[in-house]
Structure formats: C-alpha cells, structure tokens
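Here is a report on pockets, surface and selected residues. Start with the model itself.

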Amino acid sequence: MTKRPTKDDYYLNIAKEVSKRSTCLRRRFGAVIVSTSDKIISTGYNGAIRKAVDCLEIGTCMRDVLKIKPGERYELCKAFHAEQNAILGANPMERKGAVIYLYGETFDGKLFDSTPCMMCRRTIVQGELSKVKALQSDGTIKVYDVMDFVHSEDKGVSFPESVRKTEAFKDYIKYFKRLDI
C-alpha cells in the first residue's frame, strides 16, 4: 500500500517543483504559502526580476565570477528570492498568519538548507506570516516561529560579527537590553 505523504511533505514537494523554475545558477529555491484554512495561496521561486535577462540566459553568475560567498553581497545578484516572490503574489488578507514552506537545492540538485536570509526574514515578518517550514540538507524540517525573527532583529543578530564587536554596536544594543528583549 502506498504511504500517504504528510501535509508538510506534500507542500514541500510542491515547493521542490516550484524551485525548478529558478533562473539562478547557484541555488534553486521554491516557496509555497499556505493559508490558515490550509489552502495554497501563492508560490515563488528565485529568479531575475520581471523582464530582466537572467543568469541562465547570460550563462554566468556575477557572484560566482567574483568568488563571493553565499549570503554576502546580494546587491550583485540578479535574483529576487523565492520567499519575496511568493509573498508579493499572495493576497495580504489571506497570507496573514499563513505558513511558508521552503525548499532549496544546489544547481546540480543536491538538497540545501533552505534557511531564509536576513532580508527574506524581514519580508516574512512584514508579510504577517506566522511560521516558516524549511527543508534542511539532512532531510529534516526546521520550523521557525516568525516572532523569533523579530527578536533576533532586536538583538542585532543580523549584523556582521565585525560590527557586533564594536563599541558603537554595544551601545546600540543597550537600548534593547533595557527593554529586556
């Protein structure tokens, strides 16, 4: 007898299919937003903005050419992220409290941790989603509570380590410590 997939597996498999539309030469990501009434309300993948020439067409990635590490210098990337595309495509009333499912893989098809970047975390918060369910490279699903993104923001977690070591940052973060955040 065929085993029926769990809801999480079902939505993550759809996110995997969505990721195949990616135009990124480094990584393919897919996102599926599911409303509080368990309805798919939007999907998104990472790729160049509308009407722009993408890296698949160009045949090269500028960040690869410049040997830029993953997670750095996104201003040199032509791709708009899967999470951002899905959130922009969803009706704001339907996405309130929704869950976003994330799937990621390398260009050669190897499973990759689909952890949202700092800018996508901010977009997820602004989009009023409640949870992120992200498939990890070991096959597990990591669940993020969106409020944890807000708390991390207040603690300065997204600042580079070089900034967090400065006196200016330490003075800045004292404000949040007074608030017991």
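Which elements each supply at least two residues of the lining of the largest pocket? They are β1 (27-34), α4 (82-89) and α6 (118-126). Helices (H or I, at least four residues) and strands (E, at least two) are DSSP runs, numbered from the N terminus.

## Basis

This is a predicted model, in which local features need pLDDT of at least 70 and side-chain atom pairs count only at pLDDT 80 or more, while totals for chains, interfaces and linings use all residues. Residues are numbered from 1 along each chain as its sequence is written, and side-chain values use heavy atoms, with hydrogens and water left out.

## Largest pocket

The largest pocket holds about 700 Å³ of space. A pocket is an open set of points on a 1 Å grid over the protein atoms alone, where a 1.4 Å probe fits, with protein on both sides within 12 Å along at least five of seven lines; lining residues have an atom within 4 Å of a point. The volume is the space filled by probe spheres set on the points.

The lining has 29 residues, and Pro70, Gly71, Tyr74, His81 and Cys117 are the closest to the pocket centre. Helix α6 gives the largest share of this lining, three residues. By class, 15 lining residues are nonpolar, five polar and nine charged. Here Ala, Val, Leu, Ile, Met, Phe, Trp, Tyr, Cys and Pro count as nonpolar, Asp, Glu, Lys and Arg as charged, and the others, Gly among them, as polar.

## Second largest pocket

The second largest pocket has a volume of about 340 Å³. It is lined by 15 residues, with Tyr45, Ala48, Ile49, Arg50 and Asn85 closest to its centre. Strands β2 (40-45) and β3 (47-48) and helix α4 each supply at least two of the lining residues. The lining counts six nonpolar, six polar and three charged residues.

## Selected residues

Valine 132 sits in strand β6 (residues 131-135). This valine 132 is buried, at 0% relative accessible area. Buried means under 20%, exposed over 50%, and partly exposed in between (1.4 Å probe, protein chains only). Isoleucine 100 is 32 residues from valine 132 along the chain, yet their C-alpha atoms are 5.0 Å apart.

Tyrosine 175 belongs to helix α9 (residues 167-178). Tyrosine 175 is partly exposed, with a relative accessible area of 43%. Lysine 155 lies 20 residues from tyrosine 175 in sequence and 9.9 Å away, C-alpha to C-alpha. Valine 65, in helix α3 (residues 62-65), is also partly exposed, at 49% relative accessibility.
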